[in-house]
Amino acid sequence: MTKFKRIASLLLALMLIACVFCACGDAQGENEVTTPAPIEPKTADELWQLSMDKMNSLKNYTLTTSGKMEFDMEVPSQVPGFRPSKTSIVSTFVGTAAYSYYDGVLRHLGESSSTLTVNGKEEENSSEIEGYLDGKMFACYETNGIKNRFYSNISQADYEAFMSENEDEGIEDTMNPADFGEKSFSQNADKSWDITMSKPSGESLDFLKEMTAALSGLVSVSDATFAATIREDFTVSAIRVDFVLKNEQESATSSMVLEAKVENVGTTVVKTTDISRYTEVDDLRVLTWADDALKERLDADAGKFELTLSQNIRVGDDEYKSNESDSGIFSSEGGYNYKITSENDGGKFELSYKNGKQTVTDLDTKQSQTGEVDELSSRAFIKGLLDCGDFSKDNVTDIKTLSDGKYQLSTTRPDMSFAEQITQTVDAGSLMGSAKYTFTITDGKLTEYECELNATWRANGTACSVTIDGKCFYS
């Protein structure tokens, strides 16, 4: 289930980011009190542009978002972490982001929480706090009651540059009225405006599809209705997006709704958080750089990689070792496909996938075996190889800068499926695990990824452990 938890978390986090307007205005002083311009827009396009211009001139505001995704599907047998079954998933999300400049000093605080329910049972409850205060960038990640808190000293200029570099496209860049086939607007009695747009195409449709990109192979956006209420002074009051999702599985149903409110316009006092119990790290920005660089590799449509894995299992005084090396290439050209050459202690093999069929060939005996595999499972297989440690920033406990572009992140509570495969046939006690990752980022691209995964347990009273060392080179 871990894989889907990460997908849901990424999807709902994107909802919050996607609603942030691209700028917070000039960082000097407070918002000036202005009289609403005596303008009456003639078209929906003109109304939206006036609103976006106004929002991007603001120096202080609070954005509140909420989202809900319901997903009912028949799980394929090849999806890692799932048993073949009818699975109902509900994921809800709420978040706030407050921005304030006062006499040129920035304060920023974002808070969010999400709940994942599977077949009526709450599987995960998580929250995040991120922000900037008094020369410190800080973050707190909590999952099921376990917290990891960090801060690092950083100048306001460097923090603003970091936020700008990592800023996703804002609504004003992606919700272009010209892209919508149907649109209307009207003015209310209180002088506010309502605008509704549907039948998206072009960049607007691409933007909406990005929100379900993590669920590629299961659902896709076929339509959406975008509605907003705009105040008399052209500041946004509320936004709602209702997605129409096309299911790749005929037996599946799904829905997704995103809502946002803009409040406290012109307010200079921003809620803060106590970071006295946070742990100082070299540079908190590393967490974002590493997470984004790995995600970019995992979401790529094409790529090459070289992977080496070594496994060491200890059961009491006995020790078992194995090694594996893989060389692969994957692409979406002409339909998703891949070809991997794998060498391990048992021989040399070739794995290839194309047109819904996976072929495994023993290169020593030249014998082949072919079976039908859906694209979702094939993509999950490649992602599992590229992210051999199943990295999650929520579990990070330590952040170190080893050198320029090389960072080491330690975690607790990693995905334990690698050890569960070993222990499932014995009477094993509870697993305890940890992981250490090293990211090498060159020119903004992840070029090398190392992981060391450790797990310990007891089986029939005997102490057992497994260590897996992986190194992946990307090109």
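Q: How many residues join E15 to E16 in the hairpin?
A: Two residues link E15 to E16 there; strands (E, at least two residues) are DSSP runs, numbered from the N terminus. The model is predicted: local features need pLDDT of at least 70, side-chain atom pairs count only at pLDDT 80 or more, and totals for chains, interfaces and linings use all residues. Residues are numbered from 1 along each chain as its sequence is written, and side-chain values use heavy atoms, with hydrogens and water left out.

Q: In which sense do E15 and strand E16 pair, and over how many bridges?
A: The pairing of E15 (residues 337–344) with E16 (residues 347–354) is antiparallel, over seven bridges; two strands pair if DSSP finds at least two bridges between them. Lys339 stands opposite Ser352 in E16.

Q: And which residue takes a positive phi in the hairpin of E14 and E15?
A: Gly334 does, with phi near 70°, and that hairpin has five residues between the strands.

Q: Changing topic, why is the pair of Phe391 and Tyr437 edge-to-face?
A: Their planes stand at 80° with ring centres 5.1 Å apart, so the pair is edge-to-face. Rings of Phe, Tyr and Trp (its six-membered ring) pair if their centres lie within 6.5 Å; planes under 30 degrees apart count as stacked, over 60 as edge-to-face and the rest as tilted.

Q: Is Tyr437 buried or exposed?
A: Tyr437 is buried, at 1% relative accessible area; buried means under 20%, exposed over 50%, partly exposed in between (1.4 Å probe, protein chains only).

Technical notes. Helix = DSSP H or I, 4+ residues; strand = E, 2+ residues; numbered from the N terminus.
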